[in-house]
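Load the model in a viewer and keep the selection tool at hand. The stops below are visited in order.

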Amino acid sequence: YFLQWPRPRRNRIMASAREMVLKELVSTEASYNKDLQAVVDVFIHPLQQNGKISQKEMTEIFNNWETLFGLSTKLLADLEKADGHIGPVMIQFAPFFRMFS
């Protein structure tokens, strides 16, 4: 049914849907990044500063949290700068996505 619509109408609908998906992707990454930042600010940095737990314990508890935060921050910035052309951004970050799961 959709393919029977005039091409300009289909193109507008597809562009609108694509824009909504891109906005949702950026919004979701921004929310995730904010949560990662909260853990860094509220738990990781205070624990590192007061020395109550060892570096080994920090690694066991938080493993690569700050690395994830750094990657998320860079991904978010790159997505926001991508102006809708996220393919190159996704290809650049593809090797790191396993860390996000």
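A residue is called buried when its relative accessible area is under 20%, and partly exposed between that value and 50%. The model is predicted.

Start by selecting Phe-93. Its relative accessibility is 2%, so Phe-93 counts as buried.

Keep both side chains on display. How many aromatic pairs are there? The count is one. The ring centres of Phe-93 and Phe-96 are 6.5 Å apart and the planes stand at 65°, so the pair is edge-to-face.

For the last stop, select helix 1 (residues 7–50) together with helix 3 (residues 65–81). Their axes come within 9 Å and cross at roughly 150°. Angles over 145 degrees count as roughly antiparallel, so helix 1 is roughly antiparallel to helix 3. The crossing of helix 1 past helix 3 is left-handed. Colour the contact between helix 1 and helix 3 by residue class: 14 residues are nonpolar, six are polar and three are charged.

How values were computed. Residues are numbered from 1 along each chain as its sequence is written. This is a predicted model: local features need pLDDT of at least 70, side-chain atom pairs count only at pLDDT 80 or more; totals for chains, interfaces and linings use all residues. Side-chain values use heavy atoms; hydrogens and water are left out. Rings of Phe, Tyr and Trp (its six-membered ring) pair if their centres lie within 6.5 Å; planes under 30 degrees apart count as stacked, over 60 as edge-to-face and the rest as tilted. Buried means under 20% relative accessible area, exposed over 50%, partly exposed in between (1.4 Å probe, protein chains only). Axes are lines fitted to C-alpha atoms, for helices over the stretch in contact, and angles run from 0 to 180 degrees between N-to-C directions. Helices (H or I, at least four residues) and strands (E, at least two) are DSSP runs, numbered from the N terminus. Angles under 35 degrees count as roughly parallel, over 145 as roughly antiparallel, 65 to 115 as roughly perpendicular and the rest as oblique. A crossing is left-handed if the near helix is turned anticlockwise from the far one by less than a right angle, and right-handed if clockwise. Ala, Val, Leu, Ile, Met, Phe, Trp, Tyr, Cys and Pro count as nonpolar, Asp, Glu, Lys and Arg as charged, and the others, Gly among them, as polar.
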